[in-house]
Amino acid sequence: MINPTNTRRGFSLVELLVVLALVGLSLAVVSPPVGRSLDASRFKASTRSLFTTARTARSLARREQREVTLMIDVKSRKYRLDAQPDLSIQPKATKIEVTAAESERRSEDLIGVRFFPDGSATGAIINLSLNNQHQTIKINWLTGFTEIQ
């Protein structure tokens with residue numbers, strides 16, 4: 001005779017395997033959108049960083065009364081101010097197009113934007129895109145002001 005107060009409680013192995021399979025399937029469905037949102041966040045952060053670097057270049061040129069150059073390497077997706085270390089644009093799938101003064105083009109992939117002590121610049125339009133996201137950084141040649149769209 002079975003005593004109802006002595007029954008074991010818990011889950012069978014089959015029940016645990018079914019739950020683990022369902023969790024695995026849900027993670028497989030959720031992971032790609034999470035990965036895309038991480039790329040989108042990196043893209044926005046990189047765009048903001050490049051924008052901030054351009055603004056810093058103008059401020060530095062005015063404060064130190066000297067020319068400051070922002071160099072952008074389109075192929076390697078890297079940029080820097082003068083002799084400072086390179087910064088990179090992430091994720092790697094980001095496409096960059098730079099329209100700038102021909103006199104500032106060092107090579108096919110290396111393009112510069114010079115900022116002058118009076119606040120002006122050689123000007124540039126930097127288009128960044130990743131999948132369906134697009135950002136444009138405009139550097140006004142007359143005022144050196146930088147805006148992001």
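1. Welcome to this structure: the protein has one helix and eight strands. Please keep in mind that this is a predicted model. Followed along the sequence, the elements run α-β-β-β-β-β-β-β-β. Of the 149 residues in the protein, 32% are buried.

2. As background, nonpolar side chains in soluble globular proteins tend to be buried together.

3. Now for the outside. Val14, Val18, Leu22 and Leu25 make a nonpolar surface patch of about 400 Å². Leu25 belongs to helix α1, which covers residues 13–64. Is Leu25 buried or exposed? Leu25 counts as exposed because its relative accessible area is 56%, over the 50% cut-off.

4. Next, the aromatic rings. How many aromatic pairs does the count give? The count comes to zero.

5. Arg55 and Glu147 are separated by 92 residues in sequence, yet their C-alpha atoms are 8.9 Å apart in space. Glu147 is part of strand β8 (residues 146–148). With a relative accessible area of 43%, Glu147 is partly exposed.

6. A few backbone details deserve a look. Most residues other than glycine have a negative phi, and most peptide bonds are trans. Which peptide bond is cis, with omega near -10°? The bond from Gln90 to Pro91 is the one in question, and Pro91 is placed in the loop between β3 (87–88) and β4.

7. Two residues have a positive phi to check in the viewer. Arg77, in the loop between β1 and β2, has phi near 60° without being a glycine. Arg77 is buried, because its relative accessible area of 14% is under 20%. Asp82, found in the loop between β2 and β3, is not a glycine either, and has a positive phi of about 45°. Asp82 counts as partly exposed, at 29% relative accessibility.

Methods:
Residues numbered from 1 in each chain as written. Predicted model: local features only at pLDDT ≥ 70, side-chain atom pairs only at ≥ 80, totals over all residues. Heavy atoms only, no water. Patch = residues over 30% accessible without salt bridge, like charges linked within 9 Å, V, L, I, M, F, W, Y side chains within 5 Å. Areas by Shrake-Rupley, 256 points an atom, 1.4 Å probe, with all protein chains shown as cover. Salt bridge = Lys/Arg side-chain N within 4 Å of Asp/Glu carboxyl O. Helix = DSSP H or I, 4+ residues; strand = E, 2+ residues; numbered from the N terminus. Buried < 20%, exposed > 50% of the residue type's maximum accessible area, 1.4 Å probe, protein only. Phe/Tyr/Trp six-rings, centres within 6.5 Å; stacked < 30°, edge-to-face > 60°.
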